[in-house]
Amino acid sequence: MSWIYLVIAGLFEVVWATAMKLSNGFSRIDYSIATIVGMILSFFFLAKATKILSLSLAYPVWTGIGAVGSVLIGVLLFKDQLSLMTWVFVILLVISIVGIKITSSH
């Protein structure tokens with residue numbers, strides 16, 4: 001269950017980062033509230049995951065999910081343009097996240 005909490009925490013990290021972008025510097029109250037709620041939920045699920053998982057395992061996976069998810073949202077929603085080399089490093093990040101999961105004892 002701790003891995004499910006960790007994935008949920010990572011997804012909420014993507015939610016709050018996206019909402020923060022859409023808040024236009026916290027000038028839009030609806031997206032500003034969504035940012036804060038997303039942060040709270042992200043930290044809540046991260047805290048639940050770290051009851052079982054070590055911090056050295058949970059934190060990099062959490063940030064990795066947030067990073068990869070934010071890249072995908074940037075490309076899909078905000079039409080960000082990434083170079084081929086950037087995509088290579090995003091793929092390496094995904095491989096690293098999977099590697100951490102595979103090599104963990106949990």
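Buried residues account for 30% of the 106 residues in the protein chain, as computed from a predicted model. The accessible surface of the chain comes to about 6,600 Å², and 75% of this area belongs to carbon and sulfur atoms. Along the principal axes, the C-alpha atoms fill a box of roughly 45 × 35 × 15 Å. The secondary structure consists of four helices and zero strands, and the order of elements from the N terminus is α-α-α-α. Among contacts with a separation of 6 or more, 70% are made by residues 24 or more positions apart.

Helix H3 covers residues 55–76. With 22 residues at 1.5 Å a residue, H3 should span 32 Å, and the 31 Å between its end C-alpha atoms agrees with this expectation. The buried positions of H3 are Leu57, Ala58, Val61, Trp62, Gly64, Ile65, Gly66, Val68, Gly69 and Gly74. These buried residues pack against helix H1 (2–22), H2 and H4. The loop that runs between H3 and helix H4 (84–103) contains aspartate 80. This residue has a relative accessibility of 39% and therefore counts as partly exposed. Apart from neighbours within four places in sequence, aspartate 80 is in contact with Gly74 and Val75; of H3, Gly74 is one of the buried residues.

Helix H2 comprises residues 29–49 and includes lysine 48. Threonine 35 also lies in H2. A polar atom of the threonine 35 side chain lies 2.8 Å from the backbone oxygen of tyrosine 31. A distance of 3.5 Å separates a polar atom of this side chain from the backbone oxygen of alanine 19. Once neighbours within four places in sequence are set aside, the contacts of threonine 35 are Trp16, Ala19, Met20 and Phe26. For lysine 48, the C-alpha atom is 9.8 Å from that of tryptophan 3, although 45 residues separate the two along the chain.

Aromatic residues were examined for ring pairs, and the count comes to five. In one of these, the rings of tyrosine 5 and phenylalanine 45 have centres 6.0 Å apart and planes at 35 degrees, so the pair is classed as tilted. The pair joins distant parts of the chain, with tyrosine 5 in helix H1 and phenylalanine 45 in helix H2, 40 residues apart. Phenylalanine 45 also pairs with phenylalanine 44 in an edge-to-face arrangement, with 5.1 Å from centre to centre and 80 degrees between the planes. Phenylalanine 45 is buried at 15% relative accessibility, while phenylalanine 44 is partly exposed at 44%. Ring pairs link Tyr5, Phe12, Phe44 and Phe45 into a cluster.

The annotation in the sequence record can be set beside the model. An unreviewed UniProt entry lists residues 27–47, 59–78 and 84–103 under "transmembrane region". Over residues 27–47, the chain is 90% helix and 0% strand, and the end C-alpha atoms are 29 Å apart. Over residues 84–103, the corresponding values are 100% helix and 0% strand, with the end C-alpha atoms 28 Å apart.

Key:
Residues are numbered from 1 along each chain as its sequence is written. Side-chain values use heavy atoms; hydrogens and water are left out. Helices (H or I, at least four residues) and strands (E, at least two) are DSSP runs, numbered from the N terminus. Buried means under 20% relative accessible area, exposed over 50%, partly exposed in between (1.4 Å probe, protein chains only). Contact means heavy atoms within 4.5 Å. The expected span of a helix is 1.5 Å times one less than its number of residues. Accessible areas come from the Shrake-Rupley method with a 1.4 Å probe; for residues, only the protein chains shown count as cover. A polar contact is a pair of N or O atoms within 3.5 Å; within protein, one must be able to donate a hydrogen and the other to accept it, and residues adjacent in sequence count only if both atoms are side-chain atoms. UniProt positions are given in the numbering used here, feature names are shortened, and annotations may be inferred rather than shown by experiment. Rings of Phe, Tyr and Trp (its six-membered ring) pair if their centres lie within 6.5 Å; planes under 30 degrees apart count as stacked, over 60 as edge-to-face and the rest as tilted.
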